[in-house]
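Hi,

Have a look at it first, then read on.

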Amino acid sequence: KVLIAGEWRRATSGETFDVTSPVDGNVIARAQKSGTEDVEDAIRAAKEARAGFKSLSAAERLEICKRAAHIMEEHHQAFVDAVVVDLGKTPSQAESEVNSTIERLELAREEVRKIFGEYLPGDWIADTEGKAGIVLREPVGTVAAIGPFNYPLFLSASKIIPALAAGNSVVAKAPSDDPIALVMFCRVLQEAGLPDGVLNMVTGRGSEIGDLFASHEDVSMVSFTGSTSVGRNIAAQAGPKPLHLELGGNAAGIVLADAAIELAVEKTVMGAFKNAGQRCDAISRVLVEESVYDDYVQRVVKEAEGWKLGDPREEDTKVGPLVNDGAAQHVNDLVKGAESAGAELLLGGGSDACYHEATVLADVPLDADIVWEETFGPVVPIVRVRDLDHALE
């Protein structure tokens, strides 16, 4: 269900949508298909809760964060299991996400104590002698928190926790592909004593309700992590609102002749394959200096062979599924496109349902789309360069 004004309720439309596990395609939940009326209700509840929450002392807000961290610790394995089955992360990757969320609850309690005002003496100017100015930092109001699917717990929580600690109310939208962990996290904060209406959460398709979070006059700030195209649309809809946008990446690894090759191989492969490549800071391409190119490529293939694809719940699996079959097909299209452009496929290259093999592409030409697009899958595209200047160019 969705959380609005402290009540767990069904969407106004009565409609739901299936949440399927990319691990095996099974339906693991039915989430509420929120519409604009539900979003309006959530934003209204957040606005009405502002004044009461603002009057709550900072010490009380921090105590709620502390209790929430303890509750998450008590239900640690349930959160790990939810991330594994809902997104397809390996248990160790899911555990890292859960631990980071608990740590964020604790770190926010330290950081919020550093929110200071300012005292401005007036005697720098003759006509303001005997006067002073005081700058107070106030909550911005209601923060819209829209997190991505690839860290369904941590990145949404990283928006919600600081906003609450600083005295804001929040309206959150759970990622449609894997909403379960965020629903659980909202329940934790409710159990920890967060007043009704301060945190509201809806589930539904961003394409149908996303614009309202950005354009609504009672939303004071938008924090979004996701694709660059959606981020641009939010910026266009938001007008003068403060924005926190964390958008797509296309990070390059550069390997030069003086590199410790074995270490470079290990870290670049991990950077490309961790979380099945579904990270905005993943290594999307590796630019390798000619003098060490052949050695690097041979070592990468050997290293990549150790990244076993399969059910993430199996102990030796290192690459699980992508979030859905459409994501896997998109990655495969980029791989096939690179081959058509002249790249050499050295390992992997296949996909089935939500799974895409750990893939190594060598001699990828610069006109291949995979060089320029965010791959978001387990692929190492390798580009030959003359030297550092060529790599930077």
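**Notes on the structure**

E15 is partly exposed, at a relative accessible area of 41%; for burial I use under 20% relative accessible area for buried, over 50% for exposed and partly exposed in between, with a 1.4 Å probe and protein chains only. Before going further, a word on the model: it is predicted, so local features need pLDDT of at least 70 and side-chain atom pairs count only at pLDDT 80 or more, while totals for chains, interfaces and linings use all residues. Residues are numbered from 1 along each chain as its sequence is written, and side-chain values use heavy atoms, with hydrogens and water left out.

**Salt bridges**

Back to E15: its side chain meets that of K33 in a salt bridge, 3.9 Å from N to O. The cut-off here is a side-chain nitrogen of Lys or Arg within 4 Å of a carboxyl oxygen of Asp or Glu. E15 sits in the loop between β2 (7-9) and β3 (16-20), and K33 in the loop between β4 (27-32) and α1 (36-55), so the pair ties together parts 18 residues apart in sequence. Helices (H or I, at least four residues) and strands (E, at least two) are DSSP runs, numbered from the N terminus. K33 is partly exposed too, with a relative accessible area of 26%.

How many salt bridges does a search of the whole structure find? It finds 20. Another one joins the side chains of D24 and R313, again at 3.9 Å, N to O. D24 is in the loop between β3 and β4 and R313 in the loop between α10 and α11, so this pair ties together parts that are 289 residues apart in sequence. D24 is partly exposed at 41%, and R313 is partly exposed at 47%.

K47 and D218 also meet through their side chains, at 3.3 Å, N to O. That pair links distant parts of the chain, with K47 in helix α1 and D218 in the loop between α7 (206-215) and β10 (221-225), 171 residues apart. K47 is partly exposed, at 42% relative accessibility, whereas D218 counts as buried, at 17%. There is a network as well: R9, D38, D41 and R44 are joined by salt bridges that share partners.

T36 belongs to helix α1 and is partly exposed, at 46% relative accessibility. Which residues does T36 touch, leaving aside neighbours within four places in sequence? They are E208, I209 and L212, where contact means heavy atoms within 4.5 Å. The C-alpha atoms of T36 and G210 are separated by 9.2 Å, although the two residues are 174 apart along the chain.

On the α7 side, the buried residues are I209, G210, L212, F213 and A214. Their cover includes α1, β7 (142-146), β8, β9 (199-203), β10 and α8.

**The largest pocket**

The largest pocket has a volume of about 940 Å³. For the method: on a 1 Å grid over the protein atoms alone, a pocket is an open set of points where a 1.4 Å probe fits, with protein on both sides within 12 Å along at least five of seven lines, and lining residues have an atom within 4 Å of a point. Grid points are joined across faces, edges and corners, and the volume is the space filled by probe spheres set on the points.

Its lining has 40 residues, and F149, F224, G226, S227 and V230 lie nearest the centre. Two or more lining residues come from each of β8 (169-174), α7, β10, α8 (228-238) and α11, with α7 giving the largest share, five residues.

**Cores**

The largest nonpolar core has 46 residues, and Y296, I370 and I382 have the most contacts inside it. By nonpolar core I mean a set of buried Ala, Val, Leu, Ile, Met, Phe, Trp, Tyr and Cys residues joined through side-chain atoms within 4.5 Å. The elements that give it two or more residues are α9 (261-273), β13 (283-289), α10 (290-304), α11 (325-341), β17 (359-362), α12 (369-372) and β18 (379-385). Of these, α10 supplies the largest share, seven residues. Leaving aside neighbours within four places, I370 is in contact with residues including S284, L334, V335 and L361.
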